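Please read these notes beside the structure. They are set out as numbered points.

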Amino acid sequence: MARNLPGSGEIVRICEIFQRGAEEFDGRAVRVMGKLETHDIVDCTAELSNVERAQKSSPHQELAVNTRLIEPFQARLGSIFQMVGEVEFTAHGPLLHARVVKCVDGIDTAVYYRVLDMQRHYLKGRLALQV
Amino acid sequence: SVAEGPATPVSSTSTVHNEKSFSYLPQTYWGLDPLHRAYVKMFVRDVLEMDIYPGHPTLNVYAYRNHPISRVDLLGWVVRVEEREKLFNYAIDDGTGVISCTCWKPRVPVNTEEDIDYATPGTSTEQEAAEQEFTEFLALKTREIKKCVRELRQPVKLRDLLHVRGRIKSYRGRREVGAVYFRCVDDPTCSVEINRTMEQLQLYQDFYDVPFQPPGSQEGEDDTEAGVVKALQDAIADFLSANSAVLNFDIKELATVDSLMSVVQKAQKENNATMNAKEVNSLFTQAVGGLADLGIVYKRSDKDSLYVVIDRDSALESAVLDIVRRESQNPKYSESGCHYLHVLDCLRMKHRFSGVSPKVVGRILDKLESQSDIISTSENHYIAF
C-alpha cells in the first residue's frame, strides 16, 4: 500500500511555466490557476488563461491542458479553475496533463498570489540559512 | 531516574544549522517544549525532510531545529485515494510536498437503523415534558453523530481539501501520518487555504524557527551582552544585600569590587574579547540601570553618578511618609487616599529626590505599608493617620 505517491504540485503562475521553460518544468508536477477559455470534451483538451490582470509584465498567455484524466468535470467557460498535473513540453509549447481539478470561482487572486510570494520568500530565506 | 545512555553526549554537542547554534535536548526535557505534544502546523515538505531526533532512532520523534516533534496538523488537497476494508489511505498535497495519511474508518456500526428508546416512565406531566425534550435532544445528537460517521466512512473525492491531525510514523521506510482526526474542509473560494498558509508563515517565524531553550540554561550560557548585563545585575544585587554598610555607591567604586569584576572577566574570556574601561563602565551603568528599574537603587540626581540603595535611605522613607501624612489631611484625599504618582510629584519638588522614579516610590510605599505606617485604600492609593 501507499507505493507510488504522485509528485507534489508546486504552485506556479501560468506565465512562470512559459518563462522558466522546459529544463525546469518538463515532467514536473505543478498546480496552476487560470480561467477556462476553451474546452473540447471529445478531444479532451482545454485552455487556461492567465488571471493576473494587475501584473503588466506578464502578457496574456494560454496554457494547453489535456483533460483526459479529469473528464467529466463541470467545465463552465469563464470559470476559474485550479489544476494539478504534470507539464509536458511539446513542439507547440507546454501541455498540462491535469489529474486533479477544482473550481475556485470567487477566489481573491491578488491575495492568493501575494501569499504564494510570501511563502516562497520564507522558504528561500530559510534554505539560505540552513546551508 | 534518568538512565538514558545516549542522551547525555547528544545534549552536549551542539549542531550548527544556521547562524545561531542550538543543542538537542535530552529526552527528559522534551516535555518542557510545548511543540512536543502539540499538533504542529507544518508544511508537508518539512514533515518529509525532518531528521529523526538524534540519539532516539526508534521513538518516531523528529527534530525541527531542536524541537522534538511527534504530531502534526496538515491541510492539503487530496491527490490520491485508496480504500481498504478498515481504512483510507489519502495522499495530501499542500503545494510543498505530498504525504500519505492513514485514516481509520470509524468503528461505530452505522447501519443499525433502530432508534434506541431513551424514554423512561414518568410520574408527573412536567417531568414527562422534560424527558420528552431530552429524548428529542438525544435523538438529534445521535442522528448528527451517525451522519458524521457515515460521511467519514465515505471516501473523499480527489481535489477535496482535507484537514488531518495525527502522529508522524514511518511505514516501510516512508514517512506518513497516522490520523487521529480527519475532516473534509469546505473551501469553495480557496480562502481557507490562503489563511492557513498565512497562519503557518507566522507560526514558523514566531515559534517553530525559534530553537527551544530549556529554562535554566540561559544563565551562565548566555554570552550575549544582555546576558552579561543580567549576570552583572544579579551580582550587584547580591553584593548590596551582603554588605549592609553600603548606603550609596558610585559606578566607578563598583568596578573595584573583585566579585563583580570577575563576572566581567569571565564574560570576556568566553567571548575572547577584551574590553576597555569605557565598555566596562557602560556594562555597569546598564546593570545599575536595571536595578533602578526594579526599584532597588535610585540615582540621586542627573549631575553625579551617585546611586542610593533605597532600603537603606531613611531620609527618603521619612520624606515619603511625611508627604502621605500631610496629604491625608487634605480633604481631597482624606477619604480615598492619595495616588502614588501624586506622592511622586510632591517628592520630586525636593532637589535631593529629583531623580526618583515611580517604581522607587512604589517600593517605598510597599515597605511603609508592611511596617503599618500607611494603609493602601486601593491598588494605587495610600492614606496615613
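1. Among contacts in chain B between residues at least 6 apart in sequence, how many join residues at least 24 apart? The share is 60%, where two residues are in contact if their C-beta atoms, placed from the backbone, lie within 7 Å.

2. This is a predicted model, in which local features need pLDDT of at least 70, side-chain atom pairs count only at pLDDT 80 or more, and totals for chains, interfaces and linings use all residues. Residues are numbered from 1 along each chain as its sequence is written, while chains are lettered from A and ligands numbered from 1 in the order in which they are written.

3. The predictor assigns the complex an ipTM of 0.89 and a pTM of 0.61. For chain B the mean pLDDT (the predictor's confidence in each residue, from 0 to 100) is 81, and 87% of the residues score at least 70.

4. Residues 1-19 of chain B stay under 50 in pLDDT, and the model has 25 contacts beyond four places in sequence for them. Where pLDDT is low, the predicted coordinates should not be read in detail.

5. Chain B has 13 helices and 17 strands; these are DSSP runs (helices H or I, at least four residues; strands E, at least two), numbered from the N terminus. Of its 385 residues, 26% are buried, meaning that 20 or more other C-beta atoms lie within 10 Å of the residue's own, C-beta atoms being placed from the backbone.

6. In α6(B), the buried residues include V228(B), L232(B) and I236(B). Their cover includes α7 (251-254), α8 (258-271) and α9 (277-294) of chain B.

Note on methods. A residue is buried if 20 or more other C-beta atoms lie within 10 Å of its own, exposed if 12 or fewer, and partly exposed in between; C-beta atoms are placed from the backbone.
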